[in-house]
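Dear colleague,

Please find below the structure that I am handing over to you.

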Amino acid sequence: MSTSTERIWAATAALSLLDIGILVVGSSLSSYIYFKRFEPQRPLPLFILVVLIPGVLSVPLSTFLSSNTLGVAFAFTAYGGLVLFYTLIYRLSPFHPLAQYPGPILARISKWWSSFVCARGKQHLYYRSLHEQYGDIVRVGEYDFDHSAPWYFHLGIKLAGPNELSIRDASVIPPILGPGGLPKGPWWDNRTNPPALVGLRDPVEHQRRRKPWNRAFTSSAVKEYETIVASRSRQLVDRLASLVRSEGKGEKKISMPLDIGAWMSYFTTDFMGDMAFGGGFELMEDGGDAKGVWHIFESGMKSSAVMAHTSWSLVLLKYLPGTVQTIQRMRNFGGVNVVNRMKLGAKRKDLFYYLSGEDDSSTVRPSLPTLTSDGILAIIAGSDTTATTLTALFNYLMQYPAVYERLQQEIEAAFPHGEEPIDAAKLSRMSWLNACINESLRLYPAVPSGSQRSILRGEGPRAIGHYVFPEQTQVFVHTYSVHRDPRNFSSPDQFIPQRWLRDSADDMDEKTNFSATENFIHNSAAFIPFSYGPTICAGKNLALLEMRMVVCFLMQRLEFRRISGAGIGQWEDELEDQFVIRKPPLWANVSVRS
Ligand code: HEM
């Protein structure tokens, strides 16, 4: 042994337990302050802070313990535990940049709490209850890591924040989501590679990639899709009618219990398959998910929604057995469909026609992986959302027979004697139909917990409305809470389509419980089911056309009644918010109208 090593051993052997305790506390506190101040992300400083320092501390500690292994274990646990302890104390302390905003303790400590809440499926109710308890701004999460760096640099703890706020104040919708507002936050990181349009955090890149989507949803482009919507709507009605008839074996008036929620999903998935990939999904034809299409898209959704709260961890999904196959299968499926659709060429003016740049020879054609990401986005964004809204609407129509009757009459007046409801202009003028759709979207916005935005590091504090938020704060406007805030909508939990017909004073007096003198509140600026601003849902016009048309097709030919004994509110109770809504079955007695 060299003399210098001997000297070190001699020095460490001379340390008392108190000396070592002071060393552990002092070094862990210094590391904590260094982490917090400089947020090291390169391997060397991380190695020094996370491995070398506790490694050195283990040398003197081993002299007091029975083995070197115990010394190492004790040093790492004490050092790491203390760093964690300072972190927790800081996050709960009045020195934290968001200390002025209240929130539950577990949410203020870590973002893992949000993952847990999301996994339980009741995010929408939980955040609403937090707003009721704490007010318009609630501190709901603590991002542990800087999401812009690779995940393996994040094994260190990001001690300073950034942090997350949920907002229920409708007045800040424009400054947060509108033009010049905030870019998307880390919640959107690491979903697909390359990212789909919805996951792009850089506003300039988003604007560039949004152009073909905008071309795909101009009114003249949407006009071209009317025949596809009509043909799929006809198919849905024919399929349901033939199911009921086969059950009736020729009897005239027979009804059959059907899960209309599932059939709405078959319809919207088949339709989006037509739009994005030239068709071929055929869930309605198969009467279920025989080809596993739905399963492919559904299976990865829950885990990615849960893990998006700690989105750096999404990259780890591919190392977990099972999940890699799920995600890869979805991409393979998308890739095969893109190639197949390319073979069809520019003959068909569907969504793919625009996304692939077939419509505009002057644009740079996107790569196959980009087209695959956006094609998959179209299926996910366009099918679940619309199916949920349609199911919510039928749930309410069956609960409120007077609303149902009035809609039936409106449809009969607009499209008499079996005239097919395919005139989009007429559909858009059907005030009761549109009021019922709006009211369903208000009560159950398909993306209930909104879309996260971020104040980037280095920007400094940002004034938003009458608030000033520090940099590195993540915010989201909680759509479900805003839509159900009595300051925006009177009797916010009740299904009252009349509230959307306020132009007609007679209507309000006759058909609602609201007296003419009551101070009826209706703040349409707080209605954001499709979001708002530059990232507003690209498919909004298509979704509205699709919903209006299929509802009229369905109600013209079929009758939907509640199954006696089915609990009112049961469907709503079983809904799960995992970014998009996962809906339980909605059973209805379906019969063919004579
Ligand atoms: C009732 C039906 C629908 C609802 C409630 C809905 C709602 C939303 C919401 C809330 C967003 C997030 C926007 C943001 O991050 O700020 C979104 C994005 C998007 N939706 Fe929809 N959506 C519906 C139907 C559709 C349909 C039929 C399509 C057709 C493809 C579609 C395509 C998209 C796309 C491409 C985006 C990303 C937009 C962007 O990031 O620029 N959606 N939608």
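This is a predicted model: local features need pLDDT of at least 70, side-chain atom pairs count only at pLDDT 80 or more; totals for chains, interfaces and linings use all residues.

A polar side-chain atom of Thr-535 lies 2.7 Å from an oxygen atom of the ligand, and a polar side-chain atom of Lys-184 lies 2.9 Å from an oxygen atom of the ligand. Helix 9 (203-216), helix 16 (368-399) and helix 22 are the elements that contribute two or more residues to the shell around the ligand. Of the elements, helix 16 gives the most, with 6 residues.

The shell as a whole can be described as follows. The ligand is surrounded by 28 residues, of which the closest are His-206, Arg-210, Ser-451, Ser-531 and Cys-537. Sorted by class, the shell holds 16 nonpolar, 9 polar and 3 charged residues.

Cys-537 is placed in the loop between helix 21 (505-511) and helix 22 (540-557).

Helix 16 deserves a separate paragraph. This helix has 32 residues and spans 47 Å from its first C-alpha to its last, close to the 46 Å expected at 1.5 Å a residue. Is helix 16 mostly covered or mostly uncovered? It is mostly covered, as 29 of its 32 residues are buried.

I turn next to the cysteines. How many disulfides does a search of the whole structure find? The search finds 0. Cys-552, for example, is in no disulfide, and the nearest cysteine sulfur, that of Cys-436, is 11 Å away. Cys-552 counts as buried because its relative accessibility is 0%, which is under the 20% cut-off. Cys-118 also counts as buried, with a relative accessibility of 1%.

Ile-173 and Phe-527 are 354 residues apart in sequence, while their C-alpha atoms are 10.0 Å apart in space. Ile-173 is located in helix 8 (residues 173-177), and with a relative accessible area of 0% it is buried.

Several loop residues complete this account. Ser-110 is found in the loop between helix 5 (105-109) and helix 6 (112-120), where its side chain reaches the backbone nitrogen of Trp-112 at 3.0 Å. At 13% relative accessibility, Ser-110 counts as buried.

Gln-472 is not a glycine, although it has a positive phi of about 65°. Gln-472 belongs to the loop between strand 6 (467-469) and strand 7 (473-477), and it is buried, with a relative accessible area of 13%.

Ser-491, likewise a residue other than glycine, has a positive phi near 40°. Ser-491 lies in the loop between helix 20 (479-483) and helix 21.

With kind regards

Definitions and conventions: Residues are numbered from 1 along each chain as its sequence is written. Side-chain values use heavy atoms; hydrogens and water are left out. Helices (H or I, at least four residues) and strands (E, at least two) are DSSP runs, numbered from the N terminus. A residue is near a molecule or strand if one of its heavy atoms lies within 4 Å of it. A polar contact is a pair of N or O atoms within 3.5 Å; within protein, one must be able to donate a hydrogen and the other to accept it, and residues adjacent in sequence count only if both atoms are side-chain atoms. Ala, Val, Leu, Ile, Met, Phe, Trp, Tyr, Cys and Pro count as nonpolar, Asp, Glu, Lys and Arg as charged, and the others, Gly among them, as polar. A disulfide is a pair of cysteine sulfur atoms within 2.5 Å. Buried means under 20% relative accessible area, exposed over 50%, partly exposed in between (1.4 Å probe, protein chains only). The expected span of a helix is 1.5 Å times one less than its number of residues.
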